[in-house]
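Welcome, and please load the model in your viewer. We will go from one selection to the next and look at what is there.

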Amino acid sequence: MDQSIVFKAVEDSLGKGGCIAMFPEGGSHDNSDLLPFKAGIAMMTFGTIVKTGQVPVIIPSGLKYFKRDEFRSRVVVEFGRPYKPTIKMVEMYKQGDKRKAISLMLKDLEERMREVVMTAPSVNELQAIFMARNLYLPKDLSGFTDEQENEIYQRFSKGYNAMKDEPELQQLVEAITSYRQMLTLFNITDDQVALF
């Protein structure tokens, strides 16, 4: 598919100091981890720099749904550290080593995105992280700001990914998975357990 018209429009807008939203994975999904990034975001960024001299600033953003299966559930949008490709990458791109420049930029962007999204190796593990988080947090979060609540969620994800090979954590994931299955079997939610 020829994307040249889209690329030109984006480069023109960014070159004039405009702002656009991009999904570097190429679409939305409900996977437990990021999909491989498409080259388009890097190509449009480098294209803008080469054609206009303007260096776009990329703000990695992550969406976190609190009850993703519920219509109109709360969502937090977390913004990461601003990013610009390095001068070395830009020079590499200009001198014809476009693949390497794009690859380096996508690697950097993925690292930045991982700072603002919650990921796990599998859906089961991601659901275990969500359940552990729900079991750990107090039911009344009115004393927490959205930023504090979001930071707690991020800590669960980061902690899990750092310690996922530890036997104790694997046992905990199995126990939480068993608990989730029992809730499904009895057709109740975790919030309803205390009522029985």
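Which backbone oxygen does the side chain of threonine 177 reach? Select threonine 177 in helix H7 (residues 167-185): its side chain reaches the backbone oxygen of valine 173 at 2.8 Å. Helices are DSSP runs of H or I with at least four residues, and strands are runs of E with at least two, numbered from the N terminus. Threonine 177 counts as buried because its relative accessibility is 11% (buried is under 20% relative accessible area, exposed over 50%, partly exposed in between, with a 1.4 Å probe and protein chains only).

A note before moving on: this is a predicted model, where local features need pLDDT of at least 70, side-chain atom pairs count only at pLDDT 80 or more, and totals for chains, interfaces and linings use all residues. Residues are numbered from 1 along each chain as its sequence is written, and side-chain values use heavy atoms, leaving out hydrogens and water.

Next, select phenylalanine 46 and tyrosine 93. The structure holds one aromatic pair (ring centres within 6.5 Å; planes under 30 degrees apart are stacked, over 60 edge-to-face, the rest tilted). Phenylalanine 46 and tyrosine 93 form this pair, stacked at 4.7 Å centre to centre with 15° between the planes. It links distant parts of the chain, 47 residues apart: phenylalanine 46 sits in helix H2 (residues 40-52) and tyrosine 93 in helix H3 (residues 87-94). Phenylalanine 46 is buried, at 1% relative accessible area, and tyrosine 93 is buried too, at 12%.

Finally, select phenylalanine 79, in strand E2. Phenylalanine 79 counts as exposed because its relative accessibility is 56%.

Methods:
Rings of Phe, Tyr and Trp (its six-membered ring) pair if their centres lie within 6.5 Å; planes under 30 degrees apart count as stacked, over 60 as edge-to-face and the rest as tilted. A polar contact is a pair of N or O atoms within 3.5 Å; within protein, one must be able to donate a hydrogen and the other to accept it, and residues adjacent in sequence count only if both atoms are side-chain atoms.
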